[in-house]
Amino acid sequence: MKRILIVEDEDVIRDFEVINLKRSGYEVVDVPSGEAAMEVFDQNPFYFDVAVLDVMLPGMDGFEVCRRIREKNSAIGIIMLTARSQEMDKVNGLMIGADDYVTKPFSPSELVARVDALHRRVTMAAERAQPQVVTELKSGPFVLNTKSRTVTKNGKLLDLTQVEYQILEYFFQNPNTALGRQDILNRVWGEGYFGDVKIVDVNVRRLRMKLEDDPSHPSYLTTVWGFGYKWMQEEN
Ligand code: CA
């Protein structure tokens, strides 16, 4: 999925961008302010491929949003939207790490063409950097990213400890497979761990609180009685 973040305070322009980019196959998250943009972005700094930032925003402006996004993700593509007269904007934008500019007013085809071109460049660079390594494991509403060691559910970042993440990674690599508690213990805590397998149960219980819709009736991280646990993944 091609994911894009749109920051634009004017409803009409924002709707226009959203409609046209969705129509072109993008998954779009749109927000009306820089503050809201950072809230969404910080949930998972590696979720979006491209951000389209309006320069003139109330409160935190587009340049500041650009600077903060770039601080946390050097790979994301960033397009700034500027008014025709704002030539100085381009100079400032270059210094804070934007990749491209679109001047207002713009046509749908111009916007989509620029976003497409940048998206292609960004994803090609990512593929070159990691030719055959799969960094995203998907399962139902979940996406596990082995590079950032994060997991999202419906695009929202789950707040996991490193141990919880490692357990989940093991399950994502072995979907629909019963994994013994001792296996999980060896894998995550190491063969030499001198402790009780109950620590696995404790972590699984905590994981369920974070990822299940109804933690007392788990539908993803299920129990295999007398043995261990199983990650349920629907076949596509
Ligand atoms: Ca504006």
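## Overall make-up

The model is predicted. The protein contains eight helices and twelve strands.

Of the 236 residues in the protein, 43% are buried. The exposed surface comes to about 12,500 Å², and carbon and sulfur atoms supply 53% of that area. Among contacts in the protein with a separation of 6 or more, 54% are between residues 24 or more positions apart.

## Arg3

Arg3 belongs to strand 1, which spans residues 2–7. Its relative accessibility is 7%, below the 20% limit, so Arg3 counts as buried.

Leaving aside residues up to four places away in sequence, Arg3 touches Glu27, Tyr47, Phe48, Asp49, Val50, Glu136, Lys138 and Val143. With one of these residues, Tyr47, Arg3 also has a polar contact between side chains, at 3.3 Å.

## The largest cavity

The structure has one cavity of 30 Å³ or more. The volume of the largest cavity is about 50 Å³. Its lining consists of Arg3, Asn44, Phe46, Tyr47, Glu136, Val143, Asn145, Thr150 and Thr152. Two elements give two or more residues each to this lining: strand 7 (142–145) and strand 8 (150–153).

By residue class, the lining of the largest cavity comprises three nonpolar, four polar and two charged residues. Arg3 is part of this lining, and Tyr47, Glu136 and Val143 are lining residues too. Tyr47, Glu136 and Val143 are also among the residues that Arg3 touches.

The lining of the second largest pocket is made up of three nonpolar, five polar and two charged residues.

Notes
Residues are numbered from 1 along each chain as its sequence is written. This is a predicted model: local features need pLDDT of at least 70, side-chain atom pairs count only at pLDDT 80 or more; totals for chains, interfaces and linings use all residues. Side-chain values use heavy atoms; hydrogens and water are left out. Helices (H or I, at least four residues) and strands (E, at least two) are DSSP runs, numbered from the N terminus. Buried means under 20% relative accessible area, exposed over 50%, partly exposed in between (1.4 Å probe, protein chains only). A polar contact is a pair of N or O atoms within 3.5 Å; within protein, one must be able to donate a hydrogen and the other to accept it, and residues adjacent in sequence count only if both atoms are side-chain atoms. Contact means heavy atoms within 4.5 Å. On a 1 Å grid over the protein atoms alone, a cavity is a set of points where a 1.4 Å probe fits but cannot get out, and a pocket is an open set with protein on both sides within 12 Å along at least five of seven lines; lining residues have an atom within 4 Å of a point. Grid points are joined across faces, edges and corners, and a volume is the space filled by probe spheres set on the points. Ala, Val, Leu, Ile, Met, Phe, Trp, Tyr, Cys and Pro count as nonpolar, Asp, Glu, Lys and Arg as charged, and the others, Gly among them, as polar. Accessible areas come from the Shrake-Rupley method with a 1.4 Å probe; for residues, only the protein chains shown count as cover.
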